Amino acid sequence: MAKTAARQPVPARRADAERNIAAILAAGTRLLSADPTASVADIAKAAGVGRVTLYGHFPSREALVDAVLDHAVETADAVLADDSLDTAPAPEAMARLLRSSWEVLDRHRRLFMAADRVLATERIREHHERPLRRVERLIVRGQRAGDFRTDLPSGWLVTTFFSIIHSAAQEREAGRLAPEEVELVLTKTMLSLLAPTGRPARP
């Protein structure tokens with residue numbers, strides 16, 4: 001009589017793996033946001049797992065940073081969710097979105113520095129697709145209302161938003177922009193760029 005194969009505790013192992021992954025992502029976000037050179041060993045230790053366990057889920061530093069960035073952007077997108085962005089006048093909504101985006105990015109700017117070192121720019125942009133769709137929706141609404149210029153494609157203006165806000169993070173990290181200057185500089189720059197030709201930017 002054939003013996004019945006012993007049942008393996010698959011659900012328990014899966015739950016352990018999910019807890020380990022969550023701990024690694026949280027530790028990676030915390031450490032890389034403080035120091036972009038934080039090592040894989042440091043992150044494993046902070047997560048309470050061994051390096052073998054960490055590498056079992058993320059086989060390289062690039063894979064780990066990629067996953068941590070995705071986790072941070074997903075969290076940020078939830079923070080940026082604001083119904084008023086779809087109802088307030090477009091320039092006002094853009095200023096509000098820039099403020100919220102910068103507050104989130106400033107907390108994680110060193111994480112983005114770490115991502116810049118190991119990930120292609122296009123890959124970093126891919127992680128931002130969901131929040132950038134929010135930006136594009138706002139820009140298109142402003143163009144239809146006559147608040148934003150229409151002589152440039154909305155996609156290009158979204159790319160410019162992405163580039164400007166990340167350049168601000170680099171300038172802030174390098175000390176070329178003071179913390180108290182960034183929000184005003186970002187708002188003036190973006191609203192000036194978006195203003196219809198011949199019309200001054202509205203604050």
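Helix 5 and helix 8 cross with right-handed geometry (right-handed means the near helix is turned clockwise from the far one by less than a right angle, left-handed anticlockwise). The model is predicted: local features need pLDDT of at least 70, side-chain atom pairs count only at pLDDT 80 or more, and totals for chains, interfaces and linings use all residues. Residues are numbered from 1 along each chain as its sequence is written, and side-chain values use heavy atoms, with hydrogens and water left out.

**Helix 5 against helix 8**

- On the helix 5 side, the contact residues include Met-94, Trp-102, Leu-105 and Phe-112; contact means heavy atoms within 4.5 Å.
- Helix 8 contributes residues including Phe-161, Ile-165 and Ala-169.
- By class, this contact holds eleven nonpolar, three polar and six charged residues (nonpolar: Ala, Val, Leu, Ile, Met, Phe, Trp, Tyr, Cys and Pro; charged: Asp, Glu, Lys and Arg; polar: the others, Gly among them).

**Salt bridges between helices**

- The count comes to 13 salt bridges (a side-chain nitrogen of Lys or Arg within 4 Å of a carboxyl oxygen of Asp or Glu).
- Glu-173 and Arg-110 form one of them, at 3.0 Å, N to O.
- This pair links helix 8 to helix 5, with Glu-173 and Arg-110 63 residues apart.
- Glu-173 is partly exposed at 29% relative accessibility, and Arg-110 is partly exposed at 28% (buried is under 20% relative accessible area, exposed over 50%, partly exposed in between; 1.4 Å probe, protein chains only).
- A network of salt bridges links Asp-106, Arg-109, Arg-110, Arg-172 and Glu-173.
- Arg-99 and Glu-183 pair at 3.1 Å, N to O.
- Arg-99 sits in helix 5 and Glu-183 in helix 9 (residues 179-194), so this bridge ties together parts 84 residues apart in sequence.
- Arg-99 is partly exposed at 33%; Glu-183 is partly exposed at 33%.

- Arg-96 and Glu-92 meet at 2.6 Å, N to O.
- They are four residues apart in helix 5, which means a separation of about one helical turn.
- Arg-96 is partly exposed at 23% relative accessible area, and Glu-92 is partly exposed at 37%.

Key:
Helices (H or I, at least four residues) and strands (E, at least two) are DSSP runs, numbered from the N terminus.
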